[in-house]
Amino acid sequence: METSAAGAGAGRRGSGTAKQLNVGGKLFALEASSLSLSLSLDPSPTATFVDRDPALLSAILSAIRAPSSPPAFPARILLDEALFYGLHAQLLAALSPPPLFGFSASLASTLSPASEPFPTAVSAHHDGSLCLAHGAGQLTCYSPALDHLTTFRTHLHRATSLRQLSPSLAVVGSSSSPGLHVYDFLEGRHVASVEWADPSDLRVLKARVIAIAARPPADAADTNSPIFATFECSHRENCILAIDLVTLKPVQEIGRQGGTAAKSSSPGRVVHLQELGLVFASSVSSGAFGYSGYMRLWDIRSGNVVWETSEPGGSGRSSRFGDSFADADVDVKQMVLYKVCSKSGDIGAADLRRLSDDPWVYMSSGPRGSGGGHGSVLHCYKSQVFVSRKDGLEVWTGLEEQQNGRYNSGEQPRAKEMLGRKGINENSYRSSYMDTEEDSKRGMIEMMEGGGDRLFVTRAGMPAVEVWESSRLAGAISL
């Protein structure tokens with residue numbers, strides 16, 4: 001019999017008591033604290049017999065020790081096996097990519113469903129897994145190791161909004177079918193539906209879902225906060241509905257609007273600012289005369305608007321009249337609101353703690369980004385701002401993170417405190433392009449979504465999702 005030893009993590013020596021396991025006739029010596037409770041508490045002085053495949057455990061230990069080496073078995077099989085031994089978290093960390101930094105990221109792989117592969121909505125979980133809506137109402141889900149888990153067809157003709165609630169549940173909406181629908185994608189079944197109804201107003205009928213707010217991060221104070229979704233009726237009456245995560249019933253109606261004008265149209269993006277007790281919503285429309293839209297902040301408790309701006313014109317007029325925003329998003333960690341201007345392509349940043357009629361600080365790209373912001377998509381993730389342009393994918397990063405080549409989550413509160421004290425300075429940001437000119441020729445980016453240490457990207461006319469990751473060899477090296 002052969003003997004294998006492993007510590008509690010990759011590249012780390014364990015200091016606890018070693019526990020011997022006889023796995024299918026092969027001996028393994030592992031630190032007891034790293035094993036599951038049932039195995040670590042076995043009082044037997046001899047090796048505990050486990051009737052499982054020793055090759056799988058060997059592969060798990062090898063993957064934990066050497067994350068850069070390709071695993072001997074499919075990642076999904078190893079992760080399922082690691083659950084039995086209590087090594088799932090360590091194996092998942094070993095199989096996950098290094099921290100995502102846009103300035104050193106590159107295209108790592110592409111994901112393409114077997115049938116009707118053109119994406120209509122994407123949702124990434126904080127563990128790096130992905131749920132993808134595509135084709136005629138199909139959902140395909142991938143594990144944190146990006147192994148295919150399941151594909152099934154929903155009752156919707158086309159799913160246009162999607163969010164993961166948990167590793168097994170997702171909420172789905174369609175701009176052509178009424179209701180918000182909850183699906184168990186591991187079992188491929190419909191769980192519940194949520195409708196916006198108002199018996200006193202006959203116009204509120206068969207409301208469609210336009211946008212769903214992303215779920216709070218894993219380290220949020222309240223991970224069971226309500227689901228916020230935008231509903232719109234056929235008469236364009238719209239509102240943001242807060243839905244209880246446990247009962248899946250509407251609990252509050254926010255920002256009800258008639259929808260007859262651009263400044264009261266249904267929000268296409270909703271962001272829950274849990275720390276401030278606010279909901280951010282933005283709406284953008286474009287036509288022959290350019291872009292127009294609004295941004296608003298609603299207080300969740302009172303349902304009142306606490307700040308708003310409209311472009312072009314309106315309250316909170318921007319100093320760049322005629323250069324309306326093409327897209328906007330919020331960095332919920334740094335509490336900074338970002339927008340990309342439709343004509344100049346410049347990035348505007350506003351501190352949510354210092355909002356005013358014109359709170360914007362503008363940053364301009366280099367020569368490659370001089371093509372303007374028409375059709376641009378903006379996405380905030382891990383204190384970075386990703387912006388799609390006609391000629392590529394750009395990322396804006398704080399100078400400290402870019403120079404260090406690493407991000408220390410423990411320094412997040414200090415960086416946030418300094419930002420709140422000093423305000424935003426255009427000289428504290430730098431931009432770079434993540435892709436090459438050949439990459440940009442694949443088509444204009446339509447959707448971006450960050451999850452784990454990955455950035456998922458879809459392009460117009462492309463039947464696949466691009467997966468962008470940082471290389472383990474990237475970063476600054478001291479000489």
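A: The protein chain holds 7 helices and 32 strands. Both are DSSP runs, numbered from the N terminus: helices are H or I with at least four residues, strands are E with at least two. The model is predicted, so local features need pLDDT of at least 70 and side-chain atom pairs pLDDT 80 or more, while totals for chains, interfaces and linings use all residues. Residues are numbered from 1 along each chain as its sequence is written, and side-chain values use heavy atoms, without hydrogens and water.

Of the 479 residues in the chain, 53% are buried, meaning under 20% relative accessible area with a 1.4 Å probe, protein chains only.

Now helix 2. It covers residues 54–65, 12 residues in total. From first C-alpha to last, helix 2 reaches 17 Å, close to the expected 16 Å. That expected span is 1.5 Å times one less than the number of residues.

Helix 2 is largely enclosed by the rest of the structure, because 9 of its 12 residues are buried.

The N-terminal end of helix 2 is capped by Asp 53. One of the side-chain oxygens of Asp 53 lies 2.9 Å from the backbone nitrogen of Ala 55. Such a polar contact is a pair of N or O atoms within 3.5 Å; within protein, one must be able to donate a hydrogen and the other to accept it, and residues adjacent in sequence count only if both atoms are side-chain atoms.

Terms used
Buried < 20%, exposed > 50% of the residue type's maximum accessible area, 1.4 Å probe, protein only.
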